[in-house]
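Open the structure in your viewer and keep the selection tool at hand. We will go stop by stop.

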Amino acid sequence: MNTQGKVVKYLDNVDTDVIIPARYLNTPNAKELALHCMEDIDADFVKNVHAGDVMVAGWNFGCGSSREHAPLVIKTCGTGCVIAKSFARIFYRNAINIGLPILECEEAAEEIAAQDEVKVDFDTGEIFDLTTGKTYRAQPFPPFIQSIIKSGGLLASLKEGTRNE
Amino acid sequence: MGMTMTQKILAAHAGLDKVVAGQLINAKLDIVLGNDITTPVAVNEFKKAEFGSVFDKDRVVIVLDHFVPNKDIKAAEQSKTCREFACSHCVSHFYDVGKMGIEHALLPEQGIVTAGDCIIGADSHTCTYGALGAFSTGVGSTDMAAGMATGMAWFKVPSAIKFNLSGELPSNCSGKDVILTIIGMIGVDGALYKSMEFVGDGVHSLSMDDRLCICNMAIEAGAKNGIFPVDDVTVEYMKGRCEREPVIFEADADAEYEKVIDVDLSAIVPTVACPHLPENTHPASELHDVKVDQVVIGSCTNGRMEDMEAAYNILKGKKVADGVRCIIIPGTMQILRECVERGWYTAFIDAGAVVSTPTCGPCLGGYMGILAAGERCIATTNRNFVGRMGHVDSEVYLASPHTAAASALTGYITEYKE
(Lines give C-alpha, C1' and ligand atoms only; values in the text may rest on other atoms or scores of the structure.)
Protein backbone atom coordinates (compact mmCIF):
# COMPACT_ATOMS: atom_id res chain seq x y z
CA MET A 1 0.00 0.00 0.00
CA ASN A 2 1.50 3.30 -1.12
CA THR A 3 0.59 6.92 -1.37
CA GLN A 4 2.35 9.88 -2.93
CA GLY A 5 1.46 13.53 -2.83
CA LYS A 6 2.06 17.03 -1.51
CA VAL A 7 2.34 17.74 2.19
CA VAL A 8 -0.04 19.90 4.15
CA LYS A 9 1.33 20.63 7.60
CA TYR A 10 -0.31 21.37 10.95
CA LEU A 11 0.87 21.94 14.53
CA ASP A 12 0.28 20.04 17.81
CA ASN A 13 -3.09 19.05 19.29
CA VAL A 14 -5.17 19.22 16.11
CA ASP A 15 -8.56 18.32 17.61
CA THR A 16 -11.57 16.60 16.13
CA ASP A 17 -13.62 19.80 16.44
CA VAL A 18 -11.40 21.50 13.86
CA ILE A 19 -11.10 18.38 11.70
CA ILE A 20 -14.89 18.32 11.42
CA PRO A 21 -16.85 20.88 13.48
CA ALA A 22 -19.77 19.40 15.45
CA ARG A 23 -22.16 21.92 13.93
CA TYR A 24 -22.08 19.79 10.77
CA LEU A 25 -22.61 16.46 12.53
CA ASN A 26 -26.34 16.41 11.89
CA THR A 27 -25.60 14.07 8.98
CA PRO A 28 -23.61 10.84 8.77
CA ASN A 29 -22.96 11.44 5.02
CA ALA A 30 -19.16 11.40 4.58
CA LYS A 31 -19.14 13.27 1.25
CA GLU A 32 -21.26 16.09 2.62
CA LEU A 33 -19.16 16.27 5.80
CA ALA A 34 -15.88 16.23 3.85
CA LEU A 35 -16.72 19.64 2.36
CA HIS A 36 -15.98 21.10 5.83
CA CYS A 37 -12.80 19.17 6.65
CA MET A 38 -10.29 21.37 8.55
CA GLU A 39 -12.23 24.53 7.70
CA ASP A 40 -11.92 26.18 11.12
CA ILE A 41 -8.10 26.24 10.95
CA ASP A 42 -7.49 25.95 7.20
CA ALA A 43 -10.31 27.26 5.01
CA ASP A 44 -8.42 26.34 1.81
CA PHE A 45 -7.70 22.71 2.70
CA VAL A 46 -10.65 21.18 0.87
CA LYS A 47 -10.01 23.39 -2.17
CA ASN A 48 -6.33 22.44 -2.44
CA VAL A 49 -6.22 18.77 -1.43
CA HIS A 50 -5.50 16.15 -4.11
CA ALA A 51 -5.83 12.39 -3.98
CA GLY A 52 -2.78 10.87 -2.30
CA ASP A 53 -1.72 14.01 -0.43
CA VAL A 54 -0.06 13.56 2.94
CA MET A 55 -1.08 15.35 6.13
CA VAL A 56 1.79 15.93 8.57
CA ALA A 57 1.24 17.16 12.13
CA GLY A 58 2.73 17.37 15.62
CA TRP A 59 1.79 15.73 18.92
CA ASN A 60 -1.63 14.38 19.89
CA PHE A 61 -3.29 14.58 16.47
CA GLY A 62 -7.06 13.98 16.61
CA CYS A 63 -7.56 14.74 20.30
CA GLY A 64 -11.05 15.34 21.63
CA SER A 65 -14.25 13.68 20.57
CA SER A 66 -14.73 10.04 19.55
CA ARG A 67 -16.39 11.06 16.29
CA GLU A 68 -15.36 8.60 13.59
CA HIS A 69 -16.42 11.31 11.18
CA ALA A 70 -12.96 12.86 11.77
CA PRO A 71 -10.73 10.20 10.14
CA LEU A 72 -13.55 9.54 7.68
CA VAL A 73 -13.57 13.11 6.28
CA ILE A 74 -9.77 13.19 6.03
CA LYS A 75 -9.93 9.95 4.03
CA THR A 76 -12.92 11.06 1.96
CA CYS A 77 -11.08 14.24 0.92
CA GLY A 78 -8.49 12.00 -0.70
CA THR A 79 -5.71 12.26 1.89
CA GLY A 80 -3.49 9.22 1.45
CA CYS A 81 -1.84 9.16 4.86
CA VAL A 82 -1.51 11.12 8.09
CA ILE A 83 1.92 11.30 9.70
CA ALA A 84 2.12 12.74 13.20
CA LYS A 85 4.44 12.76 16.21
CA SER A 86 1.62 11.07 18.13
CA PHE A 87 -2.10 10.43 17.79
CA ALA A 88 -4.89 10.71 20.35
CA ARG A 89 -6.00 7.16 21.12
CA ILE A 90 -9.61 7.19 19.90
CA PHE A 91 -8.60 8.83 16.62
CA TYR A 92 -5.84 6.23 16.23
CA ARG A 93 -8.30 3.41 16.78
CA ASN A 94 -10.92 4.94 14.49
CA ALA A 95 -8.39 5.50 11.69
CA ILE A 96 -7.49 1.80 11.80
CA ASN A 97 -11.14 0.78 11.95
CA ILE A 98 -12.13 2.79 8.89
CA GLY A 99 -8.91 2.19 6.94
CA LEU A 100 -7.20 5.61 6.98
CA PRO A 101 -3.44 4.96 6.85
CA ILE A 102 -1.63 6.71 9.70
CA LEU A 103 1.99 6.62 10.84
CA GLU A 104 3.66 7.83 14.02
CA CYS A 105 7.11 9.26 13.30
CA GLU A 106 8.51 12.13 15.35
CA GLU A 107 11.48 12.84 13.09
CA ALA A 108 9.46 12.87 9.86
CA ALA A 109 6.75 15.01 11.42
CA GLU A 110 9.37 17.47 12.62
CA GLU A 111 11.44 17.74 9.43
CA ILE A 112 9.09 17.33 6.48
CA ALA A 113 7.99 20.74 5.24
CA ALA A 114 4.68 21.93 3.83
CA GLN A 115 4.45 21.45 0.06
CA ASP A 116 7.19 18.76 0.00
CA GLU A 117 6.46 15.83 -2.30
CA VAL A 118 6.32 12.73 -0.13
CA LYS A 119 5.92 9.03 -0.85
CA VAL A 120 4.81 6.65 1.87
CA ASP A 121 5.04 2.87 1.90
CA PHE A 122 2.45 2.04 4.50
CA ASP A 123 3.36 -1.65 4.69
CA THR A 124 6.97 -1.05 5.66
CA GLY A 125 6.46 2.28 7.39
CA GLU A 126 9.00 3.98 5.09
CA ILE A 127 8.50 7.65 4.36
CA PHE A 128 10.42 9.21 1.44
CA ASP A 129 10.67 12.98 1.22
CA LEU A 130 11.26 13.30 -2.53
CA THR A 131 11.90 17.05 -2.22
CA THR A 132 14.79 16.70 0.25
CA GLY A 133 15.80 13.12 -0.61
CA LYS A 134 15.56 12.04 3.00
CA THR A 135 14.05 8.73 4.14
CA TYR A 136 12.35 8.11 7.46
CA ARG A 137 11.19 4.89 9.04
CA ALA A 138 8.03 4.83 11.16
CA GLN A 139 7.18 2.11 13.68
CA PRO A 140 5.20 -0.53 11.78
CA PHE A 141 1.86 -1.68 13.21
CA PRO A 142 1.72 -4.89 15.25
CA PRO A 143 0.53 -7.91 13.19
CA PHE A 144 -2.87 -7.86 14.94
CA ILE A 145 -3.58 -4.36 13.63
CA GLN A 146 -2.05 -5.05 10.21
CA SER A 147 -4.53 -7.87 9.72
CA ILE A 148 -7.42 -5.49 10.45
CA ILE A 149 -6.08 -2.94 7.96
CA LYS A 150 -5.37 -5.58 5.29
CA SER A 151 -8.95 -6.81 5.56
CA GLY A 152 -10.10 -3.24 4.90
CA GLY A 153 -11.12 -2.34 8.44
CA LEU A 154 -12.54 -3.91 11.59
CA LEU A 155 -15.89 -5.05 10.23
CA ALA A 156 -14.40 -6.64 7.13
CA SER A 157 -11.89 -8.46 9.31
CA LEU A 158 -14.68 -9.69 11.60
CA LYS A 159 -16.56 -10.99 8.58
CA GLU A 160 -13.44 -12.77 7.34
CA GLY A 161 -12.99 -14.26 10.81
CA THR A 162 -16.54 -15.61 10.74
CA ARG A 163 -15.91 -17.20 7.34
CA ASN A 164 -12.72 -18.86 8.56
CA GLU A 165 -14.31 -20.38 11.66
CA MET B 1 4.72 -7.76 39.18
CA GLY B 2 1.03 -7.26 39.99
CA MET B 3 -1.76 -5.63 38.01
CA THR B 4 -3.42 -2.23 38.24
CA MET B 5 -7.18 -2.05 38.87
CA THR B 6 -7.79 -1.45 35.16
CA GLN B 7 -5.59 -4.39 34.16
CA LYS B 8 -7.44 -6.68 36.57
CA ILE B 9 -10.83 -5.78 35.10
CA LEU B 10 -9.51 -6.29 31.56
CA ALA B 11 -7.91 -9.65 32.46
CA ALA B 12 -11.17 -10.88 33.97
CA HIS B 13 -13.11 -9.86 30.84
CA ALA B 14 -10.55 -11.48 28.55
CA GLY B 15 -10.68 -14.74 30.53
CA LEU B 16 -7.01 -14.42 31.45
CA ASP B 17 -5.29 -14.79 34.83
CA LYS B 18 -2.85 -12.06 34.01
CA VAL B 19 -2.32 -9.28 31.49
CA VAL B 20 0.58 -6.87 31.08
CA ALA B 21 0.74 -3.35 29.67
CA GLY B 22 1.01 -3.39 25.88
CA GLN B 23 -0.68 -6.79 25.48
CA LEU B 24 -3.46 -7.01 22.88
CA ILE B 25 -6.55 -8.73 24.22
CA ASN B 26 -10.10 -9.48 23.16
CA ALA B 27 -12.46 -8.64 26.01
CA LYS B 28 -16.11 -9.35 26.76
CA LEU B 29 -18.24 -6.22 27.03
CA ASP B 30 -20.90 -5.57 29.66
CA ILE B 31 -22.34 -2.47 27.99
CA VAL B 32 -22.09 -0.96 24.50
CA LEU B 33 -23.28 2.67 24.27
CA GLY B 34 -24.03 5.12 21.48
CA ASN B 35 -25.70 8.51 21.03
CA ASP B 36 -27.66 10.29 18.29
CA ILE B 37 -24.49 11.41 16.47
CA THR B 38 -22.40 8.25 16.62
CA THR B 39 -25.14 5.59 16.45
CA PRO B 40 -26.34 6.41 12.89
CA VAL B 41 -22.79 5.81 11.60
CA ALA B 42 -22.66 2.56 13.61
CA VAL B 43 -26.06 1.51 12.26
CA ASN B 44 -24.78 1.99 8.68
CA GLU B 45 -21.73 -0.14 9.44
CA PHE B 46 -23.84 -2.74 11.23
CA LYS B 47 -26.07 -3.06 8.18
CA LYS B 48 -23.18 -3.04 5.69
CA ALA B 49 -21.52 -5.87 7.61
CA GLU B 50 -24.83 -7.76 7.49
CA PHE B 51 -24.89 -8.47 11.20
CA GLY B 52 -28.21 -10.09 11.97
CA SER B 53 -28.85 -9.05 15.55
CA VAL B 54 -27.32 -7.36 18.58
CA PHE B 55 -25.43 -9.66 20.98
CA ASP B 56 -27.74 -8.84 23.88
CA LYS B 57 -30.70 -6.47 23.70
CA ASP B 58 -30.25 -5.55 27.37
CA ARG B 59 -26.57 -4.63 27.03
CA VAL B 60 -26.85 -2.15 24.16
CA VAL B 61 -27.68 1.40 25.27
CA ILE B 62 -28.73 4.15 22.86
CA VAL B 63 -29.29 7.66 24.21
CA LEU B 64 -30.47 10.59 22.11
CA ASP B 65 -28.77 13.53 23.79
CA HIS B 66 -26.57 15.64 21.52
CA PHE B 67 -29.11 17.37 19.28
CA VAL B 68 -32.47 16.60 20.94
CA PRO B 69 -35.22 17.71 21.03
CA ASN B 70 -34.20 17.63 17.36
CA LYS B 71 -32.46 20.88 16.45
CA ASP B 72 -33.20 20.62 12.71
CA ILE B 73 -34.45 18.26 10.02
CA LYS B 74 -31.14 16.45 9.61
CA ALA B 75 -30.87 15.88 13.37
CA ALA B 76 -34.43 14.55 13.27
CA GLU B 77 -33.38 12.04 10.60
CA GLN B 78 -30.48 10.89 12.77
CA SER B 79 -32.80 10.43 15.77
CA LYS B 80 -35.17 8.49 13.54
CA THR B 81 -32.37 6.14 12.43
CA CYS B 82 -31.54 5.44 16.11
CA ARG B 83 -35.20 4.97 17.04
CA GLU B 84 -35.86 2.52 14.22
CA PHE B 85 -32.72 0.52 14.95
CA ALA B 86 -33.53 0.34 18.68
CA CYS B 87 -37.08 -0.74 17.90
CA SER B 88 -36.15 -3.39 15.35
CA HIS B 89 -33.56 -4.93 17.69
CA CYS B 90 -35.77 -4.60 20.82
CA VAL B 91 -33.01 -2.57 22.57
CA SER B 92 -34.33 -2.29 26.13
CA HIS B 93 -32.16 0.71 27.07
CA PHE B 94 -33.26 3.19 24.44
CA TYR B 95 -33.70 6.73 25.75
CA ASP B 96 -35.75 9.14 23.66
CA VAL B 97 -36.98 12.66 24.47
CA GLY B 98 -38.90 12.65 27.75
CA LYS B 99 -36.86 9.77 29.14
CA MET B 100 -33.40 10.76 27.99
CA GLY B 101 -30.63 12.55 29.81
CA ILE B 102 -27.06 13.40 28.90
CA GLU B 103 -25.70 9.87 28.51
CA HIS B 104 -22.93 10.03 31.11
CA ALA B 105 -25.24 11.56 33.71
CA LEU B 106 -28.00 9.09 32.81
CA LEU B 107 -26.27 5.70 32.82
CA PRO B 108 -24.89 5.86 36.38
CA GLU B 109 -28.13 7.46 37.66
CA GLN B 110 -30.24 4.68 36.16
CA GLY B 111 -27.92 1.96 37.45
CA ILE B 112 -27.13 0.68 33.95
CA VAL B 113 -23.38 0.63 34.67
CA THR B 114 -21.80 -0.87 37.74
CA ALA B 115 -18.48 -1.63 39.43
CA GLY B 116 -16.28 -4.16 37.63
CA ASP B 117 -17.91 -3.61 34.23
CA CYS B 118 -16.05 -3.45 30.93
CA ILE B 119 -17.80 -0.77 28.87
CA ILE B 120 -17.31 0.86 25.48
CA GLY B 121 -19.25 3.87 24.27
CA ALA B 122 -19.16 5.75 20.99
CA ASP B 123 -18.59 8.97 22.87
CA SER B 124 -15.23 10.10 24.18
CA HIS B 125 -16.57 10.89 27.65
CA THR B 126 -17.56 7.27 28.24
CA CYS B 127 -14.55 7.21 30.59
CA THR B 128 -16.93 8.77 33.17
CA TYR B 129 -18.00 5.38 34.59
CA GLY B 130 -14.55 4.72 36.01
CA ALA B 131 -15.92 6.63 39.00
CA LEU B 132 -17.90 3.48 39.87
CA GLY B 133 -14.84 1.25 39.65
CA ALA B 134 -15.51 0.09 36.08
CA PHE B 135 -13.25 -0.02 33.03
CA SER B 136 -14.94 2.30 30.59
CA THR B 137 -13.60 3.93 27.46
CA GLY B 138 -14.64 5.91 24.40
CA VAL B 139 -14.49 4.37 20.93
CA GLY B 140 -15.75 5.20 17.44
CA SER B 141 -18.84 4.08 15.60
CA THR B 142 -17.24 1.06 13.91
CA ASP B 143 -16.16 -0.29 17.30
CA MET B 144 -19.69 0.33 18.52
CA ALA B 145 -21.12 -1.62 15.57
CA ALA B 146 -18.73 -4.52 16.13
CA GLY B 147 -19.40 -4.40 19.89
CA MET B 148 -23.17 -4.44 19.38
CA ALA B 149 -22.84 -7.48 17.10
CA THR B 150 -20.27 -9.53 18.99
CA GLY B 151 -20.26 -8.26 22.59
CA MET B 152 -16.47 -8.14 22.30
CA ALA B 153 -13.78 -5.53 21.64
CA TRP B 154 -10.01 -5.59 21.23
CA PHE B 155 -7.88 -3.50 23.57
CA LYS B 156 -4.25 -2.80 24.10
CA VAL B 157 -3.77 -3.18 27.86
CA PRO B 158 -2.82 0.27 29.15
CA SER B 159 -0.03 1.21 31.51
CA ALA B 160 -1.04 3.59 34.29
CA ILE B 161 -0.34 6.79 36.13
CA LYS B 162 -1.24 6.72 39.81
CA PHE B 163 -2.69 9.89 41.32
CA ASN B 164 -2.28 9.77 45.04
CA LEU B 165 -4.96 12.06 46.49
CA SER B 166 -4.66 13.38 50.04
CA GLY B 167 -6.49 15.93 52.18
CA GLU B 168 -9.94 17.43 51.56
CA LEU B 169 -11.15 19.98 49.04
CA PRO B 170 -11.85 23.57 50.14
CA SER B 171 -15.61 24.26 50.16
CA ASN B 172 -15.48 26.49 47.05
CA CYS B 173 -13.87 23.72 44.99
CA SER B 174 -15.21 20.53 43.46
CA GLY B 175 -14.10 17.62 41.30
CA LYS B 176 -13.88 19.98 38.31
CA ASP B 177 -11.12 21.99 39.95
CA VAL B 178 -9.24 18.76 40.73
CA ILE B 179 -9.30 17.45 37.17
CA LEU B 180 -8.54 20.86 35.61
CA THR B 181 -5.57 21.20 37.98
CA ILE B 182 -4.32 17.73 37.01
CA ILE B 183 -4.71 18.40 33.26
CA GLY B 184 -2.87 21.69 33.79
CA MET B 185 -0.04 19.70 35.42
CA ILE B 186 0.32 16.87 32.90
CA GLY B 187 -1.05 18.40 29.67
CA VAL B 188 -3.65 17.30 27.12
CA ASP B 189 -1.56 14.28 26.16
CA GLY B 190 -0.05 13.72 29.60
CA ALA B 191 -1.83 10.40 30.02
CA LEU B 192 -1.99 9.41 26.34
CA TYR B 193 -3.07 5.74 25.95
CA LYS B 194 -2.79 5.26 29.73
CA SER B 195 -5.11 4.71 32.71
CA MET B 196 -5.42 7.44 35.30
CA GLU B 197 -5.86 5.60 38.59
CA PHE B 198 -7.04 7.81 41.45
CA VAL B 199 -6.19 6.44 44.91
CA GLY B 200 -5.23 7.58 48.40
CA ASP B 201 -6.78 8.86 51.61
CA GLY B 202 -8.28 11.85 49.83
CA VAL B 203 -10.61 9.69 47.72
CA HIS B 204 -13.03 9.14 50.57
CA SER B 205 -13.81 12.86 50.86
CA LEU B 206 -14.90 13.06 47.20
CA SER B 207 -18.59 12.60 46.43
CA MET B 208 -19.77 10.40 43.57
CA ASP B 209 -20.56 13.54 41.56
CA ASP B 210 -16.97 14.74 42.09
CA ARG B 211 -15.58 11.37 41.00
CA LEU B 212 -17.84 11.18 37.93
CA CYS B 213 -16.65 14.65 36.92
CA ILE B 214 -12.97 13.76 37.44
CA CYS B 215 -13.18 10.52 35.41
CA ASN B 216 -15.26 12.29 32.75
CA MET B 217 -12.33 14.54 31.82
CA ALA B 218 -9.64 11.82 31.86
CA ILE B 219 -9.92 11.90 28.05
CA GLU B 220 -8.87 15.57 28.08
CA ALA B 221 -5.47 14.35 29.31
CA GLY B 222 -5.47 11.79 26.49
CA ALA B 223 -6.18 8.88 28.85
CA LYS B 224 -7.80 5.62 27.85
CA ASN B 225 -9.71 5.58 31.12
CA GLY B 226 -9.89 7.07 34.59
CA ILE B 227 -10.76 4.90 37.55
CA PHE B 228 -11.51 5.14 41.28
CA PRO B 229 -11.38 2.31 43.81
CA VAL B 230 -14.72 1.12 45.18
CA ASP B 231 -15.28 2.35 48.74
CA ASP B 232 -18.32 2.82 50.98
CA VAL B 233 -19.30 5.98 49.05
CA THR B 234 -19.48 3.92 45.84
CA VAL B 235 -21.30 1.04 47.53
CA GLU B 236 -23.85 3.43 49.03
CA TYR B 237 -24.42 5.03 45.59
CA MET B 238 -24.88 1.66 43.87
CA LYS B 239 -27.21 0.20 46.52
CA GLY B 240 -30.71 -0.38 45.12
CA ARG B 241 -29.70 1.38 41.92
CA CYS B 242 -27.60 -0.97 39.80
CA GLU B 243 -29.34 -3.55 37.63
CA ARG B 244 -26.49 -6.00 37.92
CA GLU B 245 -24.38 -7.14 40.88
CA PRO B 246 -21.25 -5.00 41.23
CA VAL B 247 -17.91 -6.82 41.10
CA ILE B 248 -15.19 -5.16 43.11
CA PHE B 249 -11.62 -5.19 41.79
CA GLU B 250 -8.59 -3.83 43.61
CA ALA B 251 -5.13 -3.03 42.31
CA ASP B 252 -2.41 -5.41 43.48
CA ALA B 253 -0.10 -3.98 46.12
CA ASP B 254 2.84 -4.49 43.74
CA ALA B 255 1.10 -3.12 40.64
CA GLU B 256 3.38 -1.23 38.28
CA TYR B 257 2.78 2.46 37.53
CA GLU B 258 4.68 4.57 35.04
CA LYS B 259 4.48 7.53 37.35
CA VAL B 260 3.03 8.45 40.73
CA ILE B 261 1.72 11.99 41.14
CA ASP B 262 0.73 13.35 44.55
CA VAL B 263 -2.25 15.70 44.67
CA ASP B 264 -3.05 17.54 47.90
CA LEU B 265 -6.78 18.26 47.63
CA SER B 266 -6.61 20.91 50.37
CA ALA B 267 -4.24 22.95 48.17
CA ILE B 268 -6.61 22.99 45.15
CA VAL B 269 -7.96 26.43 44.20
CA PRO B 270 -10.87 27.36 41.90
CA THR B 271 -9.33 26.72 38.48
CA VAL B 272 -10.20 27.84 34.96
CA ALA B 273 -8.92 26.46 31.64
CA CYS B 274 -8.43 29.34 29.21
CA PRO B 275 -8.78 29.07 25.42
CA HIS B 276 -8.02 26.94 23.47
CA LEU B 277 -6.87 23.87 25.38
CA PRO B 278 -8.02 22.28 28.65
CA GLU B 279 -4.35 22.30 29.84
CA ASN B 280 -4.20 26.10 29.73
CA THR B 281 -5.21 26.45 33.38
CA HIS B 282 -5.04 29.44 35.71
CA PRO B 283 -6.46 30.19 39.15
CA ALA B 284 -9.88 31.85 38.72
CA SER B 285 -8.66 34.65 41.01
CA GLU B 286 -6.14 35.76 38.35
CA LEU B 287 -8.78 36.13 35.64
CA HIS B 288 -11.04 38.77 37.22
CA ASP B 289 -10.59 41.11 34.27
CA VAL B 290 -11.99 38.62 31.78
CA LYS B 291 -15.50 39.73 30.78
CA VAL B 292 -18.00 37.07 29.75
CA ASP B 293 -21.06 37.21 27.49
CA GLN B 294 -22.46 33.81 28.36
CA VAL B 295 -22.42 31.25 31.17
CA VAL B 296 -23.29 27.59 30.64
CA ILE B 297 -23.87 25.30 33.63
CA GLY B 298 -24.51 21.71 32.59
CA SER B 299 -23.04 18.95 30.35
CA CYS B 300 -21.90 15.38 31.02
CA THR B 301 -19.12 16.90 33.11
CA ASN B 302 -21.20 19.11 35.42
CA GLY B 303 -24.94 18.60 34.91
CA ARG B 304 -25.52 16.55 38.06
CA MET B 305 -27.42 17.31 41.26
CA GLU B 306 -24.45 18.75 43.18
CA ASP B 307 -23.71 21.02 40.23
CA MET B 308 -27.29 22.30 40.20
CA GLU B 309 -27.05 22.78 43.97
CA ALA B 310 -23.87 24.84 43.65
CA ALA B 311 -25.56 27.01 41.00
CA TYR B 312 -28.69 27.39 43.17
CA ASN B 313 -26.76 28.35 46.30
CA ILE B 314 -24.93 31.08 44.44
CA LEU B 315 -27.74 32.40 42.21
CA LYS B 316 -30.71 32.28 44.62
CA GLY B 317 -32.08 35.71 45.41
CA LYS B 318 -29.48 37.36 43.16
CA LYS B 319 -29.53 38.62 39.55
CA VAL B 320 -27.42 37.55 36.58
CA ALA B 321 -25.37 40.58 35.47
CA ASP B 322 -26.74 42.72 32.66
CA GLY B 323 -25.43 41.63 29.29
CA VAL B 324 -24.83 38.03 30.42
CA ARG B 325 -26.87 35.06 29.15
CA CYS B 326 -26.90 32.33 31.79
CA ILE B 327 -27.98 28.90 30.51
CA ILE B 328 -28.56 26.07 32.97
CA ILE B 329 -28.96 22.52 31.68
CA PRO B 330 -29.81 19.78 34.19
CA GLY B 331 -28.24 16.50 33.00
CA THR B 332 -31.24 14.20 33.22
CA MET B 333 -35.02 14.38 33.50
CA GLN B 334 -34.73 13.17 37.11
CA ILE B 335 -32.34 16.02 37.92
CA LEU B 336 -34.59 18.51 36.11
CA ARG B 337 -37.61 17.23 38.07
CA GLU B 338 -35.69 17.48 41.33
CA CYS B 339 -34.77 21.10 40.48
CA VAL B 340 -38.46 21.84 39.95
CA GLU B 341 -39.54 20.12 43.17
CA ARG B 342 -36.98 21.89 45.30
CA GLY B 343 -37.88 25.28 43.87
CA TRP B 344 -34.46 25.70 42.26
CA TYR B 345 -35.96 26.01 38.78
CA THR B 346 -37.95 29.06 39.94
CA ALA B 347 -34.89 30.51 41.66
CA PHE B 348 -32.89 30.17 38.43
CA ILE B 349 -35.61 31.96 36.44
CA ASP B 350 -35.92 34.67 39.08
CA ALA B 351 -32.16 35.20 38.86
CA GLY B 352 -32.52 35.81 35.12
CA ALA B 353 -31.17 32.45 33.91
CA VAL B 354 -32.81 30.12 31.40
CA VAL B 355 -33.24 26.42 32.09
CA SER B 356 -33.23 23.87 29.28
CA THR B 357 -34.29 20.25 29.10
CA PRO B 358 -31.27 17.89 29.14
CA THR B 359 -29.04 18.18 26.06
CA CYS B 360 -25.35 18.31 25.13
CA GLY B 361 -26.41 21.30 23.00
CA PRO B 362 -23.96 24.18 23.46
CA CYS B 363 -21.03 22.11 24.80
CA LEU B 364 -20.14 20.97 21.28
CA GLY B 365 -21.55 24.00 19.49
CA GLY B 366 -24.69 22.16 18.48
CA TYR B 367 -27.43 24.58 19.51
CA MET B 368 -28.99 26.15 22.63
CA GLY B 369 -26.29 28.77 23.21
CA ILE B 370 -24.02 29.25 20.19
CA LEU B 371 -21.45 32.05 20.38
CA ALA B 372 -20.92 34.84 17.83
CA ALA B 373 -17.50 36.10 16.72
CA GLY B 374 -15.64 37.74 19.58
CA GLU B 375 -17.97 36.39 22.27
CA ARG B 376 -16.76 34.69 25.39
CA CYS B 377 -18.37 32.01 27.54
CA ILE B 378 -17.46 30.52 30.89
CA ALA B 379 -18.80 26.98 30.88
CA THR B 380 -18.80 23.91 33.09
CA THR B 381 -18.29 21.83 29.96
CA ASN B 382 -15.17 19.87 29.02
CA ARG B 383 -13.55 21.33 25.89
CA ASN B 384 -12.48 24.81 24.85
CA PHE B 385 -11.06 24.07 21.40
CA VAL B 386 -11.24 26.61 18.56
CA GLY B 387 -14.88 26.96 17.48
CA ARG B 388 -16.10 24.43 20.04
CA MET B 389 -19.17 26.48 21.08
CA GLY B 390 -19.72 28.46 17.91
CA HIS B 391 -17.77 30.97 15.83
CA VAL B 392 -14.05 30.27 15.36
CA ASP B 393 -13.35 33.66 16.90
CA SER B 394 -15.33 32.94 20.06
CA GLU B 395 -13.77 31.74 23.32
CA VAL B 396 -14.66 29.15 25.95
CA TYR B 397 -13.28 29.16 29.50
CA LEU B 398 -13.79 25.90 31.42
CA ALA B 399 -14.64 26.07 35.10
CA SER B 400 -16.60 24.54 37.99
CA PRO B 401 -20.28 25.30 38.64
CA HIS B 402 -19.21 27.49 41.59
CA THR B 403 -16.96 29.64 39.43
CA ALA B 404 -19.41 29.74 36.52
CA ALA B 405 -22.35 30.80 38.71
CA ALA B 406 -20.29 33.41 40.56
CA SER B 407 -19.16 34.78 37.18
CA ALA B 408 -22.77 34.99 35.98
CA LEU B 409 -23.50 37.44 38.79
CA THR B 410 -20.58 39.76 38.05
CA GLY B 411 -20.17 39.41 34.29
CA TYR B 412 -16.46 38.72 34.82
CA ILE B 413 -14.63 35.52 35.71
CA THR B 414 -15.02 35.40 39.45
CA GLU B 415 -13.65 33.16 42.16
CA TYR B 416 -16.50 32.10 44.41
CA LYS B 417 -15.97 32.86 48.09
CA GLU B 418 -18.50 31.83 50.69
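Select B:Leu33: its bridge partner is B:Gly121, in strand E5 of chain B. Now show the two strands, E2 (residues 31-35) and E5 (residues 118-121) of chain B. They run parallel and are joined by three bridges. Strands here are DSSP runs of E, at least two residues, and helices are runs of H or I, at least four, numbered from the N terminus. Two strands pair if DSSP finds at least two bridges between them.

This is a predicted model: local features need pLDDT of at least 70, side-chain atom pairs count only at pLDDT 80 or more, and totals for chains, interfaces and linings use all residues. Residues are numbered from 1 along each chain as its sequence is written, chains are lettered from A and ligands numbered from 1 in the order written, and side-chain values use heavy atoms, without hydrogens and water.

Next, widen the view to the open sheet of chain B. Its five strands have the order E4-E3-E2-E5-E6, with parallel pairing. Which strands stand at the edges? They are E4 (93-95) and E6 (135-138) of chain B; each has a single partner strand, so one side of each is left without a neighbour in the sheet.

Now select helix H10 of chain B, residues 305-315. Its buried residues (under 20% relative accessible area, 1.4 Å probe, protein chains only) include B:Met305, B:Met308 and B:Leu315. After H10 of chain B comes B:Gly317, with a positive phi near 70 degrees.

Last stop: A:Ile127. Beyond its neighbours within four places in sequence, A:Ile127 is in contact (heavy atoms within 4.5 Å) with residues including A:Ile83, A:Leu103 and A:Tyr136.

Technical notes
Buried means under 20% relative accessible area, exposed over 50%, partly exposed in between (1.4 Å probe, protein chains only).
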